[in-house]
Structures are given as structure tokens and as C-alpha cells.
Amino acid sequence: MTARPLLYADHNATTPLRPAARAAMLRALEEGGNPSSVHGPGRAARATLEAAREALAAALDARPDSVVFTSGATEGLHLAMESARAMGFGPVLVGAAEHDAVWAYAGVLFPDFETIPVDGDLVPDLGWLAERLGQLAGQRPLVILQAANNETGTVVPVGRAAALVRQQGGALICDAVQALGRIDPIGFAGATDWLVVSSHKIGGPPGAGAVIAAPGLIVGGPRAGGGQERGARPGTQNVPAIAGFAAAVTEACAPEAIRAWQALTGAERDAYEAMMLDGMPGARVMGAGALRLANTSCLAIPGWEAARQVMALDLEGAAISAGAACSSGKVKMSRALAAAGHPPDLAASAIRASFGWTTQAGDGARLASLHLAAARRARRLAA
Ligand code: PLP
């Protein structure tokens with residue numbers, strides 16, 4: 001990130017590259033080699049790839065042979081869903097606040113999927129889930145839930161959901177993209193059948209991710225090719241990106257690193273919210289009633305459209321986001337907040353500030369000052 005803004009508070013969209021990840025990528029780029037080649041450079045690339053696999057497995061308390069590298073979480077989630085379908089799991093139950101990477105493809109693969117309702121804080125209704133799973137006794141339901149929500153930071157009780165699913169002989173796909181390096185994965189990593197993670201949310205490069213699943217659970221989708229990743233995901237692996245991913249995981253996922261990240265980002269997030277709530281009567285923190293990721297603040301400011309807030313802060317040199325950003329750069333209304341029962345005008349005014357490893361002490365207060373100044377300017381212009 002070269003044109004780095006004065007204040008970057010959009011870590012849930014993508015997190016600046018960690019120096020350790022950059023160094024690992026440069027080493028792998030210099031090294032070159034195709035990990036499928038049997039000559040020296042190929043073997044060197046293979047060693048880098050397998051070291052990365054071991055690093056990821058160690059961080060998630062998994063076996064190295066359960067790690068399949070992908071181009072990111074979207075592909076990983078699709079591979080998991082395709083595998084579940086190929087194995088005959090169903091009916092399919094999907095959390096109402098899942099990311100589009102799940103939501104859109106679930107509609108393609110499982111047109112009859114059912115929605116697991118969420119409460120106003122985006123917490124899935126586990127009572128509903130238990131009851132529905134009970135009705136599906138004798139079948140092999142597939143449940144898809146995220147470990148933490150990208151918009152509000154709501155932490156989902158995935159461990160409890162996994163126990164319910166297991167009792168009924170079902171399977172669980174967990175989108176752990178926003179949870180990796182942010183909450184202790186012990187509560188859910190081993191309990192899910194397919195765990196999906198992404199590199200660029202923890203300070204690794206974009207374009208790398210992984211599915212962690214027992215080898216028999218990756219059946220593969222419609223793609224066929226050179227047999228890489230033990231046939232699960234054909235195509236030459238992006239070794240430099242994977243090496244950067246592994247370096248970021250090693251740095252970000254150590255228990256003491258997670259605690260330090262939580263302390264740093266939590267202090268700044270809380271300072272930001274306190275100043276905003278004080279200075280903007282009527283503002284509301286979305287997800288405030290639930291356990292949240294320490295770094296995330298989703299703030300609805302009724303009457304001030306989210307896209308305008310983002311643009312106003314961009315002019316000040318601060319980067320935040322409006323609900324869920326989409327790839328076209330356009331801003332759309334948050335489906336997750338709407339599913340949580342919030343009125344469209346409230347959902348349309350929700351912005352997200354998300355702090356991370358580059359956050360400095362004082363950033364929360366600085367961001368709030370810029371945001372409040374932008375609000376005063378907007379009011380003057382409207383008057
Ligand atoms: N799931 C969640 C919760 C996310 O926040 C994202 C990225 O925004 C994705 C999935 C998709 O990840 P990737 O960009 O690696 O495809």
C-alpha cells in the first residue's frame with residue numbers, strides 16, 4: 001500500500017502487508033522454481049511450499065495434509081461447498097449474515113438453501129438451528145457459518161453450532177476469514193469440517209488462502225488439471241504469495257500476538273466509538289449487544305448516507321468503508337444489516353472502521369475528530 005492515507009482504518013477489507021510477509025515473498029520470488037518440478041529449483045520451491053503448509057497447520061492446530069492452498073477465501077469457500085455437495089450433504093442451512101463469497105455461490109449450488117436467522121446484533125439463532133436440525137434427523141445437513149462478521153465484527157458461537165451439527169450427523173463449513181489472528185481459534189478450528197481462511201486480512205498478500213479439512217473431505221469441484229494440492233485444486237501454486245501468507249500467519253496467530261492485537265485495536269476502537277457517540281447524538285453502534293472483534297466498529301449515523309461519509313473521510317486522508325464494499329467500488333446497502341431487521345435508512349447509513357496491526361496509539365481519537373469535523377461540514381453544506 002504505497003499511497004497510504006493518513007489514517008488507514010479498513011483492515012477488515014484488506015490489511016497492509018507485514019514486513020515479514022514481504023521478506024518471505026521476495027525470498028520466494030528470487031528462488032523461483034515450480035514446486036511440481038523435480039530438479040533443484042523445483043525442489044526448493046516445493047520445500048518453501050511445504051514449510052508454509054506446516055506453518056499454517058501449526059497455527060490452526062491441524063495436520064499439514066489437511067491444508068489445501070487456494071487463491072483466497074472465495075475460492076476456498078467454493079471448494080468446500082462443492083466438496084460438500086459432491087459428498088451428498090444436504091439440506092443446506094446458511095447464516096443470514098454470511099459474506100457474498102458464500103451467499104452468492106450457495107444460491108448457485110444449493111438453490112433451495114434455508115437461511116439461519118440472525119438477531120439484531122447479527123448473532124445466528126442457535127435455538128432455531130437446533131430445532132431445524134432436529135427436524136432433519138436421519139439426513140446429512142450442511143451448515144455454513146462465519147466465525148466473525150466482516151461488517152460488525154460480531155463473533156459467532158461456531159463451537160456451539162458445530163456441536164449441534166455433529167450431534168445430527170451433519171457437516172459445517174466455517175468462514176474464518178475475519179477471525180484468523182483476531183480471536184483464539186481453539187474454540188472452533190478443530191470443530192469444523194471445512195475451515196476457510198484468507199491471507200490478505202492478516203497482513204499477508206492478496207491472492208492466497210486455504211481450506212483446512214480432513215483429506216477425504218476435499219472432493220474438488222468441476223476443475224481438473226495438473227493434480228496440484230493432491231488433486232484438490234489444480235494449477236501451479238502461487239508460492240511467493242503462499243510464503244507471504246505463512247509468514248503473516250506465523251506472526252499474527254501466536255496467542256501473545258492475538259492478545260496484543262486485541263489490546264491495541266480494542267483501545268483505539270473504543271476511543272473512536274466513545275467520541276463518536278458523544279459527538280453525534282442518534283449514532284448507534286451496530287452489533288454492540290454481542291461479543292465483537294476488538295478492532296471493528298460499525299456505526300450507523302441516521303440521515304448521513306454511508307457512501308458520503310466514506311468520501312468525506314477520504315478527502316481528509318482517512319480510509320474507512322461503507323458496510324460491505326463490493327468489487328466494483330460501488331457501495332450497496334448492507335444485506336447483513338437488513339437481514340438483522342434494521343430499517344433500510346439505518347442500514348444505508350452504516351460505516352465500518354476497522355483497526356489493525358498498523359494502527360497507532362491515538363488513531364481512534366484522530367479518526368473520530370476527522371469524522372466529527374466532516375459531519376460539521378456536511379451539516380453546514382446542507383444548511
Ligand atoms: N469471507 C469474509 C468474511 C470476508 O470478509 C471476505 C473478504 O472480504 C471473504 C470471505 C473473501 O475473501 P477473499 O478476498 O480472500 O476471497
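Let's start with the aromatic rings: a search of the whole structure turns up four aromatic pairs. Keep in mind that this is a predicted model. I'll take you through two of those pairs.

A quick reminder first. A pair of aromatic rings is described by the distance of the centres and the angle of the planes.

Where do phenylalanine 69 and phenylalanine 245 lie? Phenylalanine 69 is in strand 2, residues 67-70. Phenylalanine 245 is in helix 7, residues 239-252.

Now another pair: tyrosine 272 and phenylalanine 355. Their ring centres are 6.3 Å apart. Their planes meet at 65°, and edge-to-face means over 60, so this pair is edge-to-face.

Next, a ring with a charge over it. Look at phenylalanine 89. The charged end of arginine 140 sits over its ring, 4.1 Å from the centre.

On to helix packing. Two packed helices are described by the angle between their axes and the distance between the axes. Our example is helix 5, residues 126-135, with helix 6, residues 158-167. Their axes come within 10 Å. They cross at roughly 10°. Under 35 degrees counts as roughly parallel, so helix 5 is roughly parallel to helix 6.

Which residues make the contact? From helix 5, they are Leu126, Leu129, Ala130 and Leu133. From helix 6, they are Arg160, Ala161, Leu164 and Val165. Sort them by class, and you get seven nonpolar residues, one charged and no polar.

Now the backbone. Go to glycine 90 and proline 91. A cis peptide bond joins them, with omega about -5°. Proline 91 lies in the loop between helix 3 (73-86) and strand 3 (92-95).

Then there is phi. Aspartate 61 is not a glycine, yet its phi is positive, about 55°. You'll find aspartate 61 in the loop between helix 2 (40-59) and strand 2. Its relative accessible area is 67%, so aspartate 61 is exposed.

Arginine 230 also has a positive phi, near 50°, and is a residue other than glycine. Arginine 230 is in the loop between strand 8 (209-212) and helix 7. At 52% relative accessibility, arginine 230 counts as exposed.

Is glutamine 228 buried or exposed? Its relative accessibility is 12%, and buried means under 20%, so glutamine 228 counts as buried. Leaving out residues up to four places away in sequence, glutamine 228 touches Ser36, Arg233, Pro234, Gly235, Thr236 and Gln237.

Leucine 26 lies in helix 1, residues 19-31. Its relative accessible area is 40%, so leucine 26 is partly exposed. Leucine 26 and proline 240 are 214 residues apart along the chain, and their C-alpha atoms are separated by 7.1 Å.

Glutamate 251 lies in helix 7. At 35% relative accessibility, glutamate 251 counts as partly exposed. Its C-alpha atom is 9.7 Å from that of alanine 59, which is 192 residues away along the chain. What does glutamate 251 touch, not counting residues up to four places away in sequence? The contacts are Arg18, Ala20 and Ala257.

Finally, alanine 322. Its place is in strand 12, residues 321-322. At 5% relative accessibility, alanine 322 counts as buried. Methionine 333 is eleven residues from alanine 322 along the chain, and their C-alpha atoms are separated by 8.5 Å.

Definitions and conventions
Residues are numbered from 1 along each chain as its sequence is written. This is a predicted model: local features need pLDDT of at least 70, side-chain atom pairs count only at pLDDT 80 or more; totals for chains, interfaces and linings use all residues. Side-chain values use heavy atoms; hydrogens and water are left out. Rings of Phe, Tyr and Trp (its six-membered ring) pair if their centres lie within 6.5 Å; planes under 30 degrees apart count as stacked, over 60 as edge-to-face and the rest as tilted. Helices (H or I, at least four residues) and strands (E, at least two) are DSSP runs, numbered from the N terminus. A charge sits over a ring if NZ of Lys or CZ of Arg is within 6 Å of the ring centre and within 35 degrees of the ring normal. Axes are lines fitted to C-alpha atoms, for helices over the stretch in contact, and angles run from 0 to 180 degrees between N-to-C directions. Angles under 35 degrees count as roughly parallel, over 145 as roughly antiparallel, 65 to 115 as roughly perpendicular and the rest as oblique. Contact means heavy atoms within 4.5 Å. Ala, Val, Leu, Ile, Met, Phe, Trp, Tyr, Cys and Pro count as nonpolar, Asp, Glu, Lys and Arg as charged, and the others, Gly among them, as polar. Buried means under 20% relative accessible area, exposed over 50%, partly exposed in between (1.4 Å probe, protein chains only).
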